[in-house]
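Please consider the structure shown below together with its sequence. The paragraphs that follow lead through a loop, an aromatic pair, the nonpolar core and some backbone features.

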Amino acid sequence: MFPNPATDFVTINFEDATNGNVNIYNIAGQMIYNKSFSQQSYIQLNIESLFNGMYIVEVRTEKGSFNTKLQIAK
């Protein structure tokens, strides 16, 4: 995932084209962003509406899932 810290967009790359979804959670654990994707090797998320701070990004695909931190600094 790059860039991190981010301002307006963040890109997540995958090894192969895959199906899945991305959720972004605020520090209180509330889901504030959700995007599904189909047969893509990368996705670009528009995060310009999110406020400065730390978030948790959850990515779930056919091949598994992972969580990572995202810092937004405008």
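Strands are here DSSP runs of E with at least two residues, numbered from the N terminus. The model is a predicted one. In these terms, Asn26 belongs to the loop that lies between strand S1 (9–25) and strand S2 (31–46). Its relative accessible area is 18%, and buried means under 20%, so Asn26 counts as buried. When residues up to four places away in sequence are set aside, Asn26 touches Ile32 and Tyr55.

A search of the whole structure finds 1 aromatic pair. The ring centres of Phe14 and Phe37 are 5.1 Å apart and the planes meet at 20°; because planes under 30 degrees apart count as stacked, the pair is a stacked one. Phe14 lies in strand S1 and Phe37 in strand S2, so the pair ties together parts that are 23 residues apart in sequence. Both partners are buried: the relative accessible area is 14% for Phe14 and 5% for Phe37.

In soluble globular proteins, nonpolar side chains tend to be buried together. Here the largest nonpolar core comprises 17 residues, and those with the most contacts inside it are Ile12, Val22, Ile24, Leu45 and Ile47. Two or more residues are given to this core by each of S1, S2, strand S3 (53–61) and strand S4 (64–72). S1 supplies the largest share, 5 residues. For Ile24, contacts beyond four places in sequence include Leu45 and Ile47, both of which are also listed among the core residues with the most contacts.

Some backbone features remain. The segment before S1 holds Pro3 and Pro5. A cis peptide bond joins Phe2 to Pro3, with omega about -10°, and another cis peptide bond joins Asn4 to Pro5, with omega about 15°. In strand S2, Gln39 has a phi near 50°, a positive value in a residue other than glycine. With a relative accessible area of 49%, Gln39 is partly exposed.

Technical notes. Residues are numbered from 1 along each chain as its sequence is written. This is a predicted model: local features need pLDDT of at least 70, side-chain atom pairs count only at pLDDT 80 or more; totals for chains, interfaces and linings use all residues. Side-chain values use heavy atoms; hydrogens and water are left out. Helices (H or I, at least four residues) and strands (E, at least two) are DSSP runs, numbered from the N terminus. Buried means under 20% relative accessible area, exposed over 50%, partly exposed in between (1.4 Å probe, protein chains only). Contact means heavy atoms within 4.5 Å. Rings of Phe, Tyr and Trp (its six-membered ring) pair if their centres lie within 6.5 Å; planes under 30 degrees apart count as stacked, over 60 as edge-to-face and the rest as tilted. A nonpolar core is a set of buried Ala, Val, Leu, Ile, Met, Phe, Trp, Tyr and Cys residues joined through side-chain atoms within 4.5 Å.
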